[in-house]
Amino acid sequence: MLSGGSILTPDETQLHAWMLGAQAGDPVATHRLLDGLAPRLRAFFRSKGARPEDAEDLVQETLIAIYTKRAMFDPDQKLLAWTYAIARYRMIDRWRRTGKRGLDLPIEDFEHALSAEETEAGDPSRDIARLLGDLPPKQRTSIELVKLKELSIAEASAQTGWSASDIKISIHRGLKTLMRLVGTSATGDIS
Amino acid sequence: MKTEDLIEALARTPEAATPDRLYRRLALALIVGLVLGLILIRVFMGFRPDIGVAAPMVAMKAGFSALIATFAGGLALRLAKPTAGATGTLRRLVTPLGLVILSAIAIGLITLMATEPGHRFAAFTGGGFPWCIILIPFCGLPTALLLVWAMREAAPTRLALAGAAIGALSGGVGAMVYAMFCSVDSVSFVTIWYVMGIGLAAAIGAMVGARLLRW
């Protein structure tokens with residue numbers, strides 16, 4: 001685990017409180033939580049030997065995972081232990097997807113993974129807008145309207161004619177899919 | 001997309017998030033899985049003809065299976081959370097289920113030793129190939145598929161182990177169901193072969209877990 005350096009301002013207690021806020025649906029707490037965790041994750045992945053551009057992708061994948069799986073945090077747990085457990089999992093998952101560690105990926109997935117690696121090298125900040133294109137239309141539109149164009153759920157509902165819960169579910173599903181799409185989806189073995 | 005923009009986007013409209021969704025799905029998976037298993041066994045093999053008279057034995061076998069399912073379920077629930085990965089934690093989590101299984105096998109062997117030598121083989125094999133090894137995972141299949149669906153809500157980080165736990169839980173449910181058909185009531189048969197059937201379900205779970213439980 002990382003020692004709390006001076007750049008890592010918010011401490012565990014503070015982050016823990018924000019996580020409880022995020023679980024309750026508080027946007028400010030969610031923002032602060034993710035903001036506070038990002039530098040720690042960056043340091044974590046770099047300490048594990050990830051290249052800076054890979055590290056940033058991993059940070060983003062982990063932040064999405066923390067957000068979508070925040071219900072799986074037990075309030076009497078240690079937040080950082082939980083966070084690093086997810087970070088470690090995302091890292092192993094990435095190894096599998098990108099074919100490092102000699103895992104048996106189907107050849108087309110492997111080629112895909114290789115080409116994805118190439119584009120990453122030239123473009124370190126991954127273009128999520130491009131990935132959005134791979135989502136089903138309903139999920140894509142919901143995410144675009146609410147998460148990118150800053151419409152409220154009600155406004156997005158009015159604009160699309162879909163019910164509010166429909167939009168919420170689409171966003172939820174879309175984010176999950178997005179999490180899988182960041183990087184290359186492929187199956188492999190881990191134990 | 002820059003990380004700050006991603007954070008901005010994620011935090012814009014969060015909803016309240018509780019583990020209730022996972023628990024609801026798990027409960028649903030177990031209930032529906034059990035019912036589907038019963039339907040499977042009823043349609044394909046039929047209940048044992050003397051199920052009325054043999055009710056106490058059926059209840060014992062189903063109860064034994066339910067006990068294993070309970071311990072496997074506890075393990076699966078813990079492995080649904082990301083922090084189950086540390087070795088110390090794992091050992092603590094796996095121990096209860098391991099003890100139950102070891103004592104079941106010990107009881108089976110002791111009973112077998114106490115059986116008259118001439119009847120031992122029949123008591124051990126139930127007078128033929130112990131098909132329950134294959135039929136127990138089969139009866140647990142609906143439960144297993146539903147549990148995989150339920151676990152999509154979760155965040156397991158030890159996928160093979162989580163798969164094994166789900167497999168053992170499904171195998172336990174499958175064995176409860178199978179007890180309605182199985183007409184061999186010898187203690188050593190039930191403790192040993194039921195556990196083997198559940199173990200096979202767990203092994204299959206461990207093998208496919210990494211694929212099915214990825215998130």
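This is a predicted model: local features need pLDDT of at least 70, side-chain atom pairs count only at pLDDT 80 or more; totals for chains, interfaces and linings use all residues.
**Salt bridges across the interface**

I started with salt bridges (a side-chain nitrogen of Lys or Arg within 4 Å of a carboxyl oxygen of Asp or Glu) and found two across the interface of chain B and chain A. One of them I can name: Asp74(A) pairs with Lys81(B), with the closest N and O atoms 3.8 Å apart.

Side-chain values use heavy atoms, without hydrogens and water, and residues are numbered from 1 along each chain as its sequence is written.

**The rest of the interface**

Next I looked up contacts (heavy atoms within 4.5 Å): 36 residues of chain B touch 53 residues of chain A. The buried area (accessible area, 1.4 Å probe, that two parts lose on being put together, summed over both) is about 3,900 Å², with 59% from carbon and sulfur atoms. I see that Met1(B), Arg214(B) and Trp215(B) supply 21% of what chain B buries against chain A, more than any other three residues.

**Ser157(A)**

Then I turned to Ser157(A), which sits in helix α8 (residues 153-160) of chain A; helices here are DSSP runs of H or I, at least four residues. Is Ser157(A) buried or exposed? I have it as buried, because its relative accessibility is 17%, and buried means under 20% (1.4 Å probe, protein chains only). A polar atom of the Ser157(A) side chain lies 2.7 Å from the backbone oxygen of Trp162(A). Beyond neighbours within four places in sequence, Ser157(A) also contacts residues including Ser163(A) and Ile167(A).

Notes:
Chains are lettered from A and ligands numbered from 1 in the order in which they are written. Helices (H or I, at least four residues) and strands (E, at least two) are DSSP runs, numbered from the N terminus. Buried means under 20% relative accessible area, exposed over 50%, partly exposed in between (1.4 Å probe, protein chains only). A polar contact is a pair of N or O atoms within 3.5 Å; within protein, one must be able to donate a hydrogen and the other to accept it, and residues adjacent in sequence count only if both atoms are side-chain atoms.
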